[in-house]
Every structure is written in structure tokens, then in C-alpha cells.
Amino acid sequence: MKRWLVFGWSVVIVLGLVRCVPGGGTSTGSQQIVCSLDAFVPNYAREVQKLLRWEQFPVRVYFERDAHYSPVWQTIALQGFDQWIEVFNPHIRYEVVDDPAQAQITVRFNPANADGRVDFEYYPSSGVLVKAEMTIGVRGNNTTDIRSVAAHEFGHALGISGHSTDPADMMYPTYVSNVPLQLTQRDINTLKTAYCHLFTNRGVSRGVPSETPVRGTIRCECGRP
Ligand SMILES: [Zn+2]
């Protein structure tokens with residue numbers, strides 16, 4: 001078994017309602033949405049520390065062209081991302097961009113370990129993401145594990161900023177090397193909870209004041225035996 005660990009979040013949600021409030025300072029305005037944690041069950045929305053969300057899709061993904069970039073690893077990572085997209089398209093989708101200035105999610109590969117990490121910037125009262133920076137460890141060049149780490153980290157980057165307690169779930173903090181991670185209904189329902197307005201007739205209810213984004217980090221130390 002390998003272990004993923006989480007650091008950095010200071011605020012814990014949530015019993016009853018999760019308030020999903022797009023923050024001020026965006027080009028599309030400030031909006032509040034209230035999602036029931038029980039709208040889509042089973043889920044592990046109560047187990048994660050926060051549910052964040054992107055305000056619009058497709059979200060723009062950029063692969064950093066540094067010394068560790070590999071088009072082969074990009075292809076493998078996108079296969080991991082697509083495990084989510086195959087379920088959520090067209091509501092939740094991404095596009096790969098070549099201009100780093102257009103990036104909302106930046107992806108880097110790290111040959112030093114087999115860990116994963118996502119740094120977020122988001123509006124605290126709304127949970128609306130501003131940007132995410134994802135690092136995918138590729139030590140060992142194990143295609144199955146790189147794809148699994150990418151899929152797990154993309155779940156964080158889409159807004160599941162915590163972990164499941166069920167070993168069957170994609171977002172459980174440990175996994176068995178060389179065994180592909182698969183999305184479960186609980187993974188799917190948890191992300192649907194973060195984006196309930198896309199899957200119900202619940203509309204935007206009111207605006208919120210402008211605010212300054214804050215940062216958070218999830219480290220997944222999956223390279224440890
Ligand atoms: Zn994780």
C-alpha cells in the first residue's frame with residue numbers, strides 16, 4: 001500500500017449545507033449557490049475538508065514545458081483526467097492550452113518522487129477556484145501509477161479538496177501500486193455535490209462582496225510504501 005497525506009487546509013466543512021459562492025473579482029460576477037450534501041448519494045462530501053469549484057468550463061489546462069516535460073507523460077496524465085470527463089462531459093470539461101498565460105490548471109511532472117500535489121487559489125467565502133497548480137510524480141515511470149496519480153490529483157483540482165475514507169474510492173488516500181484507480185459512484189456523487197447547480201434546477205441565489213483569493217495545498221505522498 002502507498003500512502004497519501006494531506007496538509008495545509010485550516011477550515012473544515014460541513015454539516016447540513018455546503019455553501020458554494022462564486023467570489024467577487026471575477027469577470028462573471030459574484031454568485032451564491034447552496035447545495036444539499038444529500039442531493040446525490042452515496043457520497044463522502046462530509047468527509048472532505050472543502051468542496052471547491054470552477055465557475056466556468058472548459059477549464060484551461062497547461063502542461064509546463066520545463067526540463068521534466070514529456071508528451072508521453074502528458075498523454076498518460078490526460079487519460080487519468082478523462083476518467084472524470086467521461087462521466088461529467090459536457091458539464092465539466094477541460095481544454096489543453098499552449099499559452100501559460102491562459103492557464104487555470106498548470107501541470108508539472110516531477111521525476112524525484114511518485115507523489116502528487118495540488119496548490120490552489122480560491123475565494124474563501126465562495127469556494128470558487130482561481131487557479132490550481134498540479135505536480136505529478138513520475139519516479140519509476142510506472143504508466144498505471146502515473147495515470148492513477150493524475151486522476152486522483154485532477155479530482156483535487158476539480159474541487160474535491162480532501163479524501164474519502166473508503167478504500168474503493170478514487171479519492172481514498174492510499175492505493176495499491178500497479179492497480180488502476182477507478183471512479184466509484186461515491187467519487188462521482190461527491191463531485192456532483194460541489195457542482196450541484198449543474199445537475200439540478202437550483203439557480204444562483206444572490207451575490208457576495210468582492211474578496212481576495214487565498215491559497216491552500218494538498219500533498220499526496222503516494223510514493224511511500
Ligand atoms: Zn489526494
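1. Helices (H or I, at least four residues) and strands (E, at least two) are DSSP runs, numbered from the N terminus, and with that naming one can say that Pro-58 lies in the loop between β3 and β4. This is a predicted model, in which local features need pLDDT of at least 70 and side-chain atom pairs count only at pLDDT 80 or more, while totals for chains, interfaces and linings use all residues. Residues are numbered from 1 along each chain as its sequence is written, and side-chain values use heavy atoms, with hydrogens and water left out.

2. Pro-42 lies in the loop between β3 (33-36) and β4. As background, most peptide bonds are trans, and most residues other than glycine have a negative phi.

3. Two asparagines have a positive phi although neither is a glycine: for Asn-141 the angle is near 55 degrees, and for Asn-178 it is about 70 degrees. Asn-141 sits in the loop between β8 and α2, whereas Asn-178 lies in the loop between β9 (174-175) and α3. Asn-141 is partly exposed, with a relative accessible area of 47%, where buried means under 20% relative accessible area, exposed means over 50%, and partly exposed is in between (1.4 Å probe, protein chains only).

4. Four of its five residues are buried, so β4 is largely enclosed by the rest of the structure. It pairs with β5 in the parallel sense over three bridges, pairing being assigned if DSSP finds at least two bridges between two strands, and within that pair Arg-60 has Glu-95 in β5 as its bridge partner. The chain crosses from β4 through α1 to β5, and this β-α-β crossover is right-handed, a term used if, with the strands pointing away from the viewer, the path from the first strand over the helix to the second runs clockwise. β4 also pairs with β6 in the parallel sense over three bridges, and there the partner of Phe-63 is Val-107 in β6.

5. The largest nonpolar core has 51 residues, of which Trp-54, Phe-81, Trp-84, Ile-105, Met-134, Ile-136 and Phe-154 touch the most other members. Such a core is a set of buried Ala, Val, Leu, Ile, Met, Phe, Trp, Tyr and Cys residues joined through side-chain atoms within 4.5 Å. Among the elements that give two or more residues to this core are β4 (59-63), α1 (71-88), β6 (105-110) and α2 (143-158), and the largest share, eight residues, comes from α1. In soluble globular proteins, nonpolar side chains tend to be buried together.

6. Which residues is Ile-136 in contact with, leaving aside its neighbours within four places in sequence? They are Ala-77, Val-107, Arg-108, Phe-109, Asn-110, Asp-115, Ile-146, Val-149 and Ala-150, where contact means heavy atoms within 4.5 Å.

7. Leu-158 and Leu-191 are 33 residues apart in sequence, and their C-alpha atoms are 7.9 Å apart in space. His-152, also placed in helix α2, counts as buried at 0% relative accessibility.

8. The structure holds 10 salt bridges, a salt bridge being a side-chain nitrogen of Lys or Arg within 4 Å of a carboxyl oxygen of Asp or Glu. Arg-65 forms one with Asp-98, the closest N and O atoms being 3.5 Å apart, and this pair links distant parts of the chain, with Arg-65 in the loop between β4 and α1 and Asp-98 in the loop between β5 (94-96) and β6, 33 residues apart. Arg-65 counts as partly exposed at 40% relative accessibility, whereas Asp-98 is exposed, with a relative accessible area of 62%. The side chains of Asp-38 and Arg-46 meet in another salt bridge (3.0 Å, N to O), and Glu-47, Asp-166, Asp-169 and Arg-186 are linked in a network of salt bridges.
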